[in-house]
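Here is a short briefing for a reader who is new to this structure. Please look over the sequence and the model before reading on.

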Amino acid sequence: MVEGIHVKPPEVVSGRRAAPGRAARVLCDPLVTERSSRLPGFYRLSLEERRQLIAERAGLDVDELVAIVGAGGLDATTADKVVENVIGTYGLPFGVASNVRVNGRDVLVPMVVEEPSVIAAASNAARMVRGSGGFVATATGSVMTTQVQLSGVRDAAAARVALEARAAELLAAGAAAVEGLVARGGGPREIEVRDLGEGFLVVHVHVDCLDAMGANLVNSVAEALGPEIARLAGGQLGLRILTNLSDRRRVRVTCRVATTELAEAEGPAVADAIVLAARFAELDPYRAATHNKGIMNGVDAVVLATGNDFRAVEAGAHAYAARSGRYAPLSRWWRDGDALAGELELPLALGTVGGTLRVHPGARLALALLGVSRSTELAMIAASVGLASNLAALRALATEGIQRGHMSLHARSVAAAAGATGDEVERVARSIAEAGAITLEGAARALSALRDAGAGRTPP
Ligand code: MEV
């Protein structure tokens, strides 16, 4: 249940209620069931048909959906209440990834991203994984950590004893600073003292933030406890702020892909090539950075769509990737009999309540599409899309390379930039991609040739 968005119960969603035309044909595919994430041929539908189909499938009111996405998810008057010095809003494409199945449940995944091919690639990889049952994900919970910095601590060992002896009182005082959270079942759980040397002592307060991202909550706890912590430790109070390395809020997702899904006859060889590509990332931080960027293509798109703080997620992911002292890939891939198996683990501090979600209709729509209310569920889906993106990238890189697929999708934006509209976009894109001339000039030439042919004119 997402505030402000009307969702019909699943039983009233069915293929028979679909709009007539191509959208209805997609719904009537025998593989497609109610609320299924299978959307064969979705990309061929018009914008209106896609909106209609997604609304049908998710049980949303199509007019409501159109009103929200049509306004770019956020109007300027609302945006003016979100940040400062607003002069307008800034749009990004809002798409839906298909085929995603997580822990046995189909999910339509909203993705906000400017890069062509990210949504198509994630949907394609999710289809391969779906054949083996989909993604299996677990989450460690929703505990965020805040730090209280002390400096000039003369006797770190004595300070630790003093702080640990008063842990219960400190937790109670922290709870008083976040009464609402405590009333909902969350709150401070544990105090941890870390000696950084040079007189620096840092106190971690671990707080269960439930379905909130929790930055404001944990920062309030740190500010409330800071003076007492400094008094007990006998040091000078420094920073009181959360850590984005939220390693008590991790998600782990695994998947298996039959090699026949990767390629028909060459499936086993493609699987082996993907394993070698993943090993490359383990051996080389330069490659690991790009490998992880491919994962974050999927994760960030879901994070953005749902109104979450992508900078916090990025900071946490990369700090986690470097936790051994050497920057490493967040995922690994290996052969498992006649399948390829993959695993991804990363911290994901996401919220399904509070923050931007209070005011952002686009983010609320995204949550309603997903049908999630728990932050852990959202994190498991975002991580699954991250693993799907990683699989798609590695498969392309280990076989034909990334450019062909990339460029044919890029051709569509170039065609649109040259003025192509409706069906012309696909036709111009195909023409410039086949000619290997994906430039604005090439698209303008192809478009004028197409229009001339339509008007029965022969080009000069
Ligand atoms: C491009 O956005 C992402 C890739 O570079 C990821 C990777 O190299 O694994 C294709």
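The notes below go from the whole chain to single residues.

This is a predicted model. The protein chain averages a pLDDT of 92. Its secondary structure comes to 18 helices and 12 strands.

**Confidence**

- At least 70 is the score reached by 93% of the residues.
- One stretch needs care: over residues 11–32, pLDDT stays under 50.
- For residues 11–32, the model has 42 contacts beyond four places in sequence.

**Overall form**

- The protein chain has 460 residues and a radius of gyration of 25 Å.
- A compact globule with that number of residues would have a radius of gyration near 23 Å, so the value for this chain agrees.
- Along the principal axes, the C-alpha atoms fill a box of roughly 90 × 50 × 45 Å.
- Of the 460 residues, 48% count as buried.
- Among contacts with a separation of 6 or more, 71% come from residues 24 or more positions apart.

**Nonpolar cores**

- In soluble globular proteins, nonpolar side chains tend to be buried together.
- The largest nonpolar core here has 62 residues.
- Seven of its members touch the most other members: Val 109, Met 111, Phe 135, Leu 262, Trp 333, Leu 348 and Leu 391.
- Helix H15 (residues 375–398) gives the largest share of this core, with 12 residues.
- What does Leu 391 touch, leaving out residues up to four places away in sequence? The list is Ala 125, Val 129, Val 257, Leu 262, Ile 274, Trp 333 and Leu 340.

**Buried serines**

- Ser 389 lies in helix H15.
- Ser 389 counts as buried because its relative accessibility is 7%, and the cut-off for buried is under 20%.
- Not counting residues up to four places away in sequence, Ser 389 touches Ala 122, Gly 294, Ile 295, Asn 297 and Gly 298.
- Ser 123 lies in helix H5 (residues 118–130).
- Ser 123 has 9% relative accessibility, so this serine counts as buried.
- With residues up to four places away in sequence left out, Ser 123 touches Ala 97, Ser 98 and Asn 99.

**Positive phi angles**

- Most residues other than glycine have a negative phi.
- Asn 85 is not a glycine, yet its phi is positive, near 55°.
- Asn 85 is found in the loop between H4 and strand E1 (94–97).
- Leu 210 also is not a glycine, and its phi is positive at about 55°.
- Leu 210 lies in the loop between strand E8 (200–208) and helix H9 (215–233).
- Is Asn 85 buried or exposed? Asn 85 is exposed, because its relative accessible area is 76%.
- Is Leu 210 buried or exposed? Leu 210 is buried, because its relative accessible area is 16%.

**Exposed positions and distances**

- Gly 72 lies in the loop between helix H3 (62–70) and helix H4 (76–79).
- Gly 72 has 57% relative accessibility, so this glycine counts as exposed. The cut-off for exposed is over 50%.
- Gly 72 and Pro 93 are 21 residues apart along the chain. Their C-alpha atoms are separated by 8.6 Å.
- Asp 423 has its place in helix H17 (residues 423–435).
- Asp 423 is exposed, because its relative accessible area is 64%.
- Asp 423 and Gly 59 are 364 residues apart in sequence. In space, they are 29 Å apart, C-alpha to C-alpha.

**Aromatic rings**

- How many aromatic pairs does the structure hold? The count is 0.
- Arg 323 lies over the face of Tyr 320, at 3.8 Å from the ring centre.
- Arg 50 lies over the face of Phe 42, and the distance from the ring centre is 6.0 Å.

Definitions and conventions
Residues numbered from 1 in each chain as written. Predicted model: local features only at pLDDT ≥ 70, side-chain atom pairs only at ≥ 80, totals over all residues. Heavy atoms only, no water. Core = buried A, V, L, I, M, F, W, Y, C linked by side-chain atoms within 4.5 Å. Buried < 20%, exposed > 50% of the residue type's maximum accessible area, 1.4 Å probe, protein only. Helix = DSSP H or I, 4+ residues; strand = E, 2+ residues; numbered from the N terminus. Contact = heavy atoms within 4.5 Å. Phe/Tyr/Trp six-rings, centres within 6.5 Å; stacked < 30°, edge-to-face > 60°. Lys NZ or Arg CZ within 6 Å of the ring centre and 35° of its normal. pLDDT = per-residue confidence, 0-100. Rg over C-alpha atoms; globule rule 2.2 N^0.38 Å.
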